[in-house]
Amino acid sequence: MIQGLSPGALPDAAESPPIEQEEWRENLNVKLICKDCQEDPPNLYEDHASGDVECDTCGLVLTQRNIDVSSEWRTFSNDDQGGDDPSRVGDGPNALLNGAQLNTSIAFGDGGMRNKELHRAQNKSNLDKGNKQLLQAYKQIGALCDGWQLSSAVSETAKHLYKDAEESRLFKGKSNEALIAGCLFLACRRNSVPRSFREVMDLTKVTKKEIGRTFKLLESFLMNKDKEAKHKGAAVLAGGVVAFDEEYKGSGNANPSELCNRYCSILGMDQRTSNVAIALANRMTATGALAGRSPLSSAAACIFMAGHLMGQPKSPKEIQTVVNVSDSTIRHAYKLLFNEKEKLLTEEIRSRGVDVERLPKP
Ligand SMILES: [Zn+2]
């Protein structure tokens, strides 16, 4: 066993230090030397063309197939400029932008007045105006999604929706902000993290009415697009190629059970209570209790009921601040739920430790 000792210390024979799992480290004491010449320091030569390491004294090949780690492009390092290497490796094409982005742009920097003029002339004739606008919109969508801490899946969906809508030119009359808000609203729904119109309004400062209108338009546009795609798909299928068959289903109304989880979490209720609220919401949808009520007020009523059932009651006032429906609406919806409670509270829900006696009379 090898012991690490500080200089001047004596090895302690009586008690050996506990063997600790040491961090892996490269052994830098291993040296590559020519086995014929045994020269130290070795006189080695790396042949990049063949990938060999040879002894420069006798010519023995020591290793083969070395990986060349130097840059694979030629660098014309501009000694006079001191700028960075003009590497010719860029990003892959971005599907969210138009074209393949393989265009040339004239650098502004060196080359005197001519270069500046060229740069300006190219900029003026730039056909990439559309891309600039798209980039601007993507930036806005990204910022909004960050503000809500939404996953990148949502922001990607919103960006794709925006691009499709922008290309269709159906939304010329709409303001850019409204279109972005509509895309964001739909993207949230499609990723099962729905937000209410009011929440989108608070974030984007676009009126509820405008968001709703844009959303309706977006949905009908996507439905039509899907029908066209299906037409094309059928034609392709006849040609013997597998069709791309993904139907766009209208997102319909927001599902109260999807809303429950998030609102319960904001209200600081535990997961068991939130699960009961979700189960109640699902049951409510199945039995048709509260049919015709808005998803928000239905969700609020389920949360109110679940809170009482699980001994973590929240007042309608507290729920109101989170869900954004008035407390009288919540009370009224709860009254309807309470009357249906025999149908709602299945054995499965009762087995989760709920106490029906705790429910307040509406
Ligand atoms: Zn040698």
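Analyst: A nonpolar core is a set of buried Ala, Val, Leu, Ile, Met, Phe, Trp, Tyr and Cys residues joined through side-chain atoms within 4.5 Å. Buried means under 20% relative accessible area, exposed over 50%, partly exposed in between (1.4 Å probe, protein chains only). This is a predicted model: local features need pLDDT of at least 70, side-chain atom pairs count only at pLDDT 80 or more, and totals for chains, interfaces and linings use all residues. Residues are numbered from 1 along each chain as its sequence is written, and side-chain values use heavy atoms, with hydrogens and water left out.

User: Which residues touch the most other members of the largest nonpolar core?

Analyst: Leu280 and Ile303, in a core of 40 residues. Helices H7 (256-266), H8 (271-287), H9 (295-309), H10 (316-323) and H11 (327-339) each supply at least two residues of this core. Helices here are DSSP runs of H or I with at least four residues, strands runs of E with at least two, numbered from the N terminus. H9 gives the largest share, ten residues. Apart from this core lies another, of 33 residues, including Val154, Ala178, Ile180 and Val200.

User: What does Leu280 touch, not counting residues up to four places away in sequence?

Analyst: Cys302, Met305, Ala306, Leu309, Leu344, Leu345 and Ile349. Contact means heavy atoms within 4.5 Å.

User: Which residues coordinate the zinc ion?

Analyst: Cys34, Cys37, Cys55 and Cys58, each through SG, at 2.1 to 2.4 Å. Donors are N, O and S atoms within 2.8 Å of the metal (3.2 Å for Na, K and Ca); water is not among the atoms, so sites may look incomplete. The spacing of these donor residues in sequence is C-x2-C-x17-C-x2-C. Cys34, in the segment before strand S1 (44-47), and Cys58, in the loop between S2 (52-55) and S3 (61-63), link distant parts of the chain, 24 residues apart.

User: What makes the arrangement around the zinc ion tetrahedral?

Analyst: The four donor atoms subtend angles of 106 to 118°. Four donors count as tetrahedral if all angles lie between 85 and 135 degrees. The zinc site therefore qualifies.

User: What is the phi of Gln38, and of Asn324?

Analyst: Gln38 has phi near 55°, positive in a residue other than glycine. Asn324 is not a glycine either, and its phi is about 70°. Most residues other than glycine have a negative phi, and most peptide bonds are trans. Gln38 counts as exposed, at 53%. Asn324 is partly exposed, at 26%, in the loop between H10 and H11.

User: Which peptide bond is cis?

Analyst: The one from Asp40 to Pro41, with omega near 0°. Pro41 is in the segment before S1.

Key:
Four donors count as tetrahedral if all angles lie between 85 and 135 degrees; four count as square planar and six as octahedral if opposite donors are over 155 degrees apart and all others between 65 and 115; anything else is irregular.
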